[in-house]
There are 2 protein chains.
Amino acid sequence: MGRKSLKEIRQLEIIKMFYKVAKKEGYENTSIAKIAKVMDINPSLIIHYFETKEDLTYALIDYILDRYLLIYSIKSKDGITKEDLKQTIVLLFSKKWNTLFDDGLFYTFYALAFREKKIKAKYKTILDSLRLALADMISQCNARQEIQVPAPKTTADFIFVILDGAYFYLSMETDKNAYALRLESYKQKAFELLGITA
Amino acid sequence: MGRKSLKEIRQLEIIKMFYKVAKKEGYENTSIAKIAKVMDINPSLIIHYFETKEDLTYALIDYILDRYLLIYSIKSKDGITKEDLKQTIVLLFSKKWNTLFDDGLFYTFYALAFREKKIKAKYKTILDSLRLALADMISQCNARQEIQVPAPKTTADFIFVILDGAYFYLSMETDKNAYALRLESYKQKAFELLGITA
DNA sequence: ATATAAATTGAATGAATGTTCAATTTATTT
DNA sequence: AAATAAATTGAACATTCATTCAATTTATAT
């Protein structure tokens, strides 16, 4: 009896709008009232679905990290070929996903992780799962004898170190040409590690 | 006539306290009132020395980036030997400066740079100057024929890519042992790039 | 001592914050 | 049509925020 629950639907709507506003104006400038205003609903409705702003923030972080995983689209599946591996590297070192994903917010919450263990754990999980998935791909290609990479786990980790370090610097680079050239050279390093010619 | 200006002294005092409070409670939770309370002064005095909170924030960022440069202590000087270079790498890949420097705040403002061009420019300048200084050290060692590194600038850049990428991941690592082992392996990579045995 | 200028205080501002709670609206079942 | 339960609103809450401005204190030079 009574009314059908809209909880999950509304929650997702709110999170998405939170993401949208925070992307534009920054997380620290995004209040519950602002989100409510844009959605043309009452602020107390947001509190109704997320008891505190903290809960809402955690939900947003989960949303962002899920997207982060998705965009990288490294799937744990069988039958990975050298070509799959190659395409994955190309994808990792391309920034076409940039339009879908907001680096600013990703780093904002990354910074927050330094003071909040829960967030730190979330990030760690994501970073580890990406490494694991890439290592698995490398192992499969090894098994097929398409490549000979001595330590798949270490190599996968190092490729992500390069990737993260690359974007850390490149995010501050405004010159598009310089950006592209550098990114390309970092990609080459990754290919070298895998013994693949691009 | 009149009173001697305390402007610079007070400003520095305020910045230092801002840093201290923000380090403990986070930048977004640090208000002018809080800083004033800890300093046992009136909030309006802070506004008197920094017209807006924005100005105060910029000052704090400058303070942090100056420290960042200092702690890495890569100096542009002549007469660099292979041993100096070696020690610099060891320093870069050690975290003894961790106690002096707050990563959380560094990343907080790094994240802020995505929305504020001014901050982005500041960070870019720092990142570039570090790379340039290291490249210069490598070149000097090349000239002494102590090492043979083909492209000093590219190599210096790549070492910092590894360094930044390493800390990006390691900051989320809570296991101290795993942390130390990984950091050591990344350092070895840097030494390999320089053709130096550690 | 007096003048001067900077340091510092204190009170007040309006706006925005997250959150509460009771009242009302709306959809669904019987 | 009546009952029910969730959705949604609206008003109110105390708190905190950055900032203002006039008043006062304090140090220095003449």
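Cys141(B) is buried, because its relative accessibility is 0% and the cut-off for buried is under 20%. Cys141(A) is buried as well, with a relative accessible area of 0%. This is a predicted model, and what follows should be read that way.

How many disulfides does the whole structure hold? The search covers all chains and finds zero. A disulfide would be a covalent bond between the sulfur atoms of two cysteines.

## Chain A in outline

Chain A has nine helices and zero strands. Read along the sequence, its pattern is α-α-α-α-α-α-α-α-α. The C-alpha trace of chain A spans about 60 × 45 × 30 Å along its principal axes.

Chain A has 198 residues, and 51% of them count as buried. Take the contacts in chain A between residues at least 6 apart in sequence. Of these, 69% join residues at least 24 apart.

## The nonpolar core

In soluble globular proteins, nonpolar side chains tend to be buried together. Here the largest nonpolar core has 140 residues. Which residues have the most contacts inside it? They are Phe93(A) and Phe93(B). In chain B, this core draws at least three residues from domain 1 (1-51) and at least three from domain 2 (73-194).

Now look at the surroundings of Phe93(A), leaving aside neighbours within four places in sequence.

## Helix α8 of chain A

Helix α8 of chain A covers residues 152-170, 19 residues in total. From first C-alpha to last, α8(A) reaches 26 Å. That is close to the 27 Å expected at 1.5 Å a residue.

Is α8(A) largely enclosed or largely open? The helix has 17 of its 19 residues buried, so it is largely enclosed by the rest of the structure.

Ala59(A) lies in helix α4 (residues 53-72) of chain A. Its relative accessibility is 16%, so Ala59(A) counts as buried. Beyond residues up to four places away in sequence, Ala59(A) touches Ile15(A) and Phe50(A). Leu12(A) is 47 residues from Ala59(A) along the chain, yet their C-alpha atoms are separated by 9.1 Å.

Ala133(A) is found in helix α7 (residues 117-143) of chain A. Ala133(A) also counts as buried, because its relative accessibility is 5%. Its C-alpha atom is separated by 9.4 Å from that of Lys153(A), 20 residues apart along the chain.

## Helix α1 of chain B

Helix α1 of chain B runs over residues 7-25 and has 19 residues. Its first and last C-alpha atoms are 26 Å apart, close to the 27 Å expected at 1.5 Å a residue. Which residues of α1(B) are buried? They are Gln11(B), Ile14(B), Ile15(B), Met17(B), Phe18(B), Tyr19(B), Val21(B) and Ala22(B).

Just after α1(B) comes Gly26(B), with a positive phi of about 95°.

Asp40(A) is not a glycine, yet it has a positive phi of about 60°. Where does Asp40(A) lie? It sits in the loop between α2 (32-39) and α3 (43-49) of chain A. Is Asp40(A) buried or exposed? At 71% relative accessibility, Asp40(A) counts as exposed, because the cut-off for exposed is over 50%.

In chain B, Asp40(B) likewise takes a positive phi of about 60° without being a glycine. Asp40(B) is in the loop between α2 (32-39) and α3 (43-49) of chain B. With 70% relative accessibility, Asp40(B) counts as exposed.

## The interface between A and B

How many residues of chain A are in contact with chain B? The count is 41, and they meet 41 residues of chain B. Together the two chains bury about 3,600 Å² between them. Carbon and sulfur atoms account for 71% of that area.

Which three residues supply more of the area that chain A buries against chain B than any other three? They are Phe168(A), Tyr169(A) and Met172(A). Their share is 22%.

Notes. Residues numbered from 1 in each chain as written. Chains lettered and ligands numbered in written order. Predicted model: local features only at pLDDT ≥ 70, side-chain atom pairs only at ≥ 80, totals over all residues. Heavy atoms only, no water. Helix = DSSP H or I, 4+ residues; strand = E, 2+ residues; numbered from the N terminus. Expected span 1.5 Å × (residues − 1). Buried < 20%, exposed > 50% of the residue type's maximum accessible area, 1.4 Å probe, protein only. Disulfide = S-S within 2.5 Å. Core = buried A, V, L, I, M, F, W, Y, C linked by side-chain atoms within 4.5 Å. Domains from an automatic or database assignment. Contact = heavy atoms within 4.5 Å. Buried area = accessible area lost by both parts, 1.4 Å probe.
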